[in-house]
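Hi everyone, thanks for making time this morning. Let me put the model up on the screen so that we can walk through it together.

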Amino acid sequence: GIVLVAINPYEQLPIYEQDVIYAYSGQNMGDMDPHIFAVAEEAYKQMAREEKNQSIIVSGESGAGKTVSAKYAMRFFATVGGSASETNIEAKVLASSPIMEAIGNAKTTRNDNSSRFGKYIQIGFDKRYHIIGANMRTYLLEKSRVVFQAEDERNYHIFYQLCASSSLPEFKDLGLSK
């Protein structure tokens with residue numbers, strides 16, 4: 001398949017705005033500069049043309065921008081699928097991210113909020129190719145981190161959040177103590 005190398009610039013750039021989505025929508029792969037929207041457009045066209053499921057695999061090292069790239073692809077699908085303003089599926093799917101990050105992210109030597117698990121996001125489309133829902137699953141969670149962390153690294157964020165909240169009344173039944 002097609003491979004796109006994305007580099008996280010660690011700042012917002014104007015190359016991900018609405019007008020850029022529309023510029024890539026309907027274009028053939030290779031007619032425009034390489035971009036996450038070009039990959040998303042190709043998957044979207046193949047889904048519509050062949051009526052088969054498509055996959056986009058976003059891979060890279062810690063801090064490379066995998067989650068951000070996935071968000072941009074979802075924004076593209078929501079916009080070209082006519083559902084961006086109707087349901088804001090992208091926001092709904094990504095609204096679960098802070099909870100997932102608390103349970104599956106930890107401080108590493110390279111990234112203060114590093115995802116220690118893989119994410120599989122399945123987006124459902126109707127017959128008109130509009131987004132109708134999404135499902136997010138996690139896999140490959142680093143279980144070893146629960147009992148051991150390397151020097152200058154931390155356990156999952158949730159452990160520190162629970163400890164910091166242990167005196168709250170709603171946590172009394174959890175048996176947390178200092």
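This is a predicted model: local features need pLDDT of at least 70, side-chain atom pairs count only at pLDDT 80 or more; totals for chains, interfaces and linings use all residues.

Residues are numbered from 1 along each chain as its sequence is written, and side-chain values use heavy atoms, with hydrogens and water left out.

Let's begin with the largest nonpolar core, which has 16 residues. By nonpolar core I mean a set of buried Ala, Val, Leu, Ile, Met, Phe, Trp, Tyr and Cys residues joined through side-chain atoms within 4.5 Å. Buried is under 20% relative accessible area, exposed is over 50%, and partly exposed is in between, with a 1.4 Å probe and protein chains only. Tyr-24, Ile-36, Phe-37, Phe-76 and Phe-77 touch the most other members. At least two residues come from each of helices H1 (18–24), H2 (36–50) and H3 (66–80), and H2 gives the largest share, six residues. Helices here are DSSP runs of H or I, at least four residues, numbered from the N terminus.

Now look at Phe-76. Beyond its neighbours within four places in sequence, its contacts (heavy atoms within 4.5 Å) are Ile-21, Tyr-24, Ser-25, Phe-37, Ala-40 and Glu-41.

That brings us to Glu-41, in helix H2.

Next, the annotation. An unreviewed UniProt entry places a "binding site" at Gly-60, Glu-61, Ser-62, Gly-63, Ala-64, Gly-65, Lys-66 and Thr-67; such annotations may be inferred rather than shown by experiment. Among these residues, Gly-60 lies in the loop between H2 and H3 and is partly exposed at 38% relative accessible area. Ala-64 lies in the loop between H2 and H3 as well, and is partly exposed at 26%. Not counting residues up to four places away in sequence, Ala-64 touches Ala-6, Ile-7 and Asn-8.

Finally, Lys-92 sits in helix H4 (residues 89–95) and is exposed, at 57% relative accessibility.
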